[in-house]
Amino acid sequence: MEPVQYGDPAMREDPYPIYAKLRQTNPVVPAKMAYMGDVILVTRYQDVLDGLKHPLLSSDLKKSPGFGMDIFDAWWVPKVFKSIQDSMVTTDDPDHRRLRTIVHQAFTPKVIERMRARVAEVADELLDQMTQKSRVDLIADFALPLPLTIISDMMGVPEKDRPRFHKWSGNFLEVATGDPKIMLRQLPNGIRMYRFFERMIALRRRDPQDDLLTALVNAEADGERLSQDELISMIFLLLLAGHETTVNLIGNGALALMEFPDQLQLLLERPELIDCAVEELLRYGNPVEHGNIRIALDDLDLGGHTITKGSVVLLLISSANRDETVFENPDRLDITRNPNRHLSFGFGIHYCLGAPLARLEGQIAIDKLVRRFPNMRLAVPRQEIAWRNTTAVRGVKTLPMILR
């Protein structure tokens, strides 16, 4: 069969019918990605789960020199963009373990639970501001500033610098598609970000504070401290990943609840369902489209299909979360679904470090949003909602809403 054109606009709008067909007919299938070239898509739940923990599927993109990501090695690409190839999510053990160990203690459930009051405070402030408007963009007014404020608090980013950082980083995941035109447009922002991180590191070395950035500057693992490049890579990763999943969880979650008003009403009647509801919104809304891009280190079998050495593999979490062999009525939102073995945070050694924080923020944000605005509705026809131009995550660009 002809390779699937993965990531084209039609597929971005509604990939789920395509995924369902692939699960039935070609669950491990060759595909083409713009600027990236040939990839293998894995669509069934069990195969994706097996792939996430398979020792022969590497997250280190440098182990596939022919892959399209080598554009990031070009001399003109800012160092902060190059860090995509050297971050914690694109390394294997033992480097991955060393880097993860350094930041793990800041994201344990116990530590995150202590942030509950601050998350609630920020959510209330943003919702108060929204009440002054007849129409809002839920992404710009709520879903983005909430997690961005929290991760910036944790990292110690000064408030005056936060709007600039968001402006610089806003389109980074679009840069990660490898499109040279997008990368060139973002070139000035990449340079500004790198210099910004350098200044933050120098400031914390002179003036330590009780924040995650100071902890990173001073942290050691196996007797080694992070190098300057590793520090910048880690800061960038934590600031970016520290809010991206939650933005899409809140945005996609609100959209799903408006599309299934019976589930919205059920949540209003039974607020104790909020934890279960967020798990279902993670499964149904799929804030993350696929796991880390993987490289096959040798020939391997996945779901009865041979993947040859050197292949670039995309484990489609968003398809696995709609697998009808695992989830009953997978294309329906059901906030009482239990158990809910979704893979939205991945699995194995690269399981999302920030999962406890994303869950806490999602639970507080969704709960407060629906209680404050139980009659919220879209301000535009559903077909006008545009999705972001990246396959790494799945989220809407804007979400115009009328709250009353």
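Q: What makes the contact between Asp367 and Arg371 a salt bridge?
A: Their side chains meet at 2.9 Å, N to O. A salt bridge needs a side-chain nitrogen of Lys or Arg within 4 Å of a carboxyl oxygen of Asp or Glu, so the pair qualifies. This is a predicted model, where local features need pLDDT of at least 70 and side-chain atom pairs count only at pLDDT 80 or more, while totals for chains, interfaces and linings use all residues. Residues are numbered from 1 along each chain as its sequence is written, and side-chain values use heavy atoms, with hydrogens and water left out.

Q: What separates Asp367 and Arg371 in helix α19?
A: About one helical turn, because they lie four residues apart in helix α19 (residues 355-372). A helix here is a DSSP run of H or I, at least four residues, numbered from the N terminus.

Q: Why is Asp141 called buried?
A: Its relative accessible area is 17%. Buried means under 20%, exposed over 50%, partly exposed in between (1.4 Å probe, protein chains only), so Asp141 is buried. Its salt-bridge partner is Lys133, at 3.0 Å, N to O. Lys133 has 34% relative accessibility and therefore counts as partly exposed.

Q: Why do Arg116 and Glu113 form a salt bridge?
A: Their closest N and O atoms are 2.6 Å apart. That value falls within the cut-off, so the term applies. Arg116 is partly exposed at 34%, and Glu113 is partly exposed at 40%.

Q: How many salt bridges does this rule give?
A: The count comes to 24.

Technical notes: Helices (H or I, at least four residues) and strands (E, at least two) are DSSP runs, numbered from the N terminus.
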